[in-house]
Amino acid sequence: MRRVMVIGGSGAGKSTFARGLGARLALPVVHLDQLFWEPGWVAADEAVFLARVEAAVAGEAWVIEGNYSRTWPMRLARADTVIFLDEPAWRRFWRILRRIARGYGQSRPDMAPGCPERIDLGFLFGWVPAYGRRGRPKALALMAGEGPCGRHRLSGPREVANFLAGLPSEVRAVRPR
């Protein structure tokens, strides 16, 4: 695994998983939220965002976490592995509430600078529950697709832990060619 695409609903644990996977395999981790958001929770211009993603995908090795399904084709074209964190809605919602409570007013390490944790009711009661109707079916279709990359669907903390534990124990440094 040298180019890994991590997807899943908000609160599924994508950022935490990506950091763990990146550390285990000595791969750089890219958080798409850092590429999308500008300070003050302002969305980047679409062309700027896509150029940032394209530059990240051009790297020799990476773990790129985040949904942004419009970027799937460019990521999938270079990925050797896709990991879908398929967590139930109740667990994702609980994790988001816990994340807000722990980091309210502070910017997370996986978020763009100047985007502090906040309570956003539209996100909590609109975007998060809608994932089951919109995002998850897209992710399941992606996972059912064919192609040269490996695909792993992980449901629950135990499967995530087992997957990471099953990786090679020695960390291999990634060297640019």
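Tutor: Helices (H or I, at least four residues) and strands (E, at least two) are taken here as DSSP runs, numbered from the N terminus. This is a predicted model, in which local features need pLDDT of at least 70 and side-chain atom pairs count only at pLDDT 80 or more, while totals for chains, interfaces and linings use all residues. Residues are numbered from 1 along each chain as its sequence is written, and side-chain values use heavy atoms, with hydrogens and water left out.

I begin with the backbone. W41 is found in the loop between β3 (37-38) and β4 (42-43), and has a positive phi of about 60° although it is not a glycine. Most residues other than glycine have a negative phi. Y68, in the loop between β5 and α4 (72-76), likewise has a positive phi, of about 45°, without being a glycine. Y68 counts as buried because its relative accessibility is 15%; buried means under 20% relative accessible area, exposed over 50%, and partly exposed in between (1.4 Å probe, protein chains only).

The interior itself is described through nonpolar cores, each a set of buried Ala, Val, Leu, Ile, Met, Phe, Trp, Tyr and Cys residues joined through side-chain atoms within 4.5 Å. The largest nonpolar core has 23 residues, and those with the most contacts inside it are M5, I7, L35, F49, I64 and V82. At least two residues of this core come from each of β1 (3-8), α2 (32-36), α3 (46-57), β5 (62-65), β6 (81-85) and α7 (135-144). Helix α3 gives the most, with 4 residues. Taking contact as heavy atoms within 4.5 Å, and leaving aside neighbours within four places in sequence, the partners of M5 include W62, I64, W72, V82, I83 and L142. A second, separate core of 17 residues includes A12, F17, I83 and L164.

Side chains of opposite charge can pair when their charged atoms come close. With a salt bridge defined as a side-chain nitrogen of Lys or Arg within 4 Å of a carboxyl oxygen of Asp or Glu, the count comes to 11. R99, R108, D110 and E117 are linked in a network of such bridges. Elsewhere, E87 and R91 meet in a salt bridge (2.6 Å, N to O), and E87 is buried at 5% relative accessibility.

Patches are made of residues with over 30% relative accessible area and no salt bridge, like charges being joined within 9 Å and nonpolar side chains (Val, Leu, Ile, Met, Phe, Trp, Tyr) within 5 Å. Y104, I119, L121 and F125 form a nonpolar patch with about 500 Å² of accessible area together, areas coming from the Shrake-Rupley method with a 1.4 Å probe and, for residues, only the protein chains shown counting as cover. L121 is in helix α6 (residues 121-130) and is exposed at 55% relative accessibility. F125 also has its place in α6 and is exposed at 57%.
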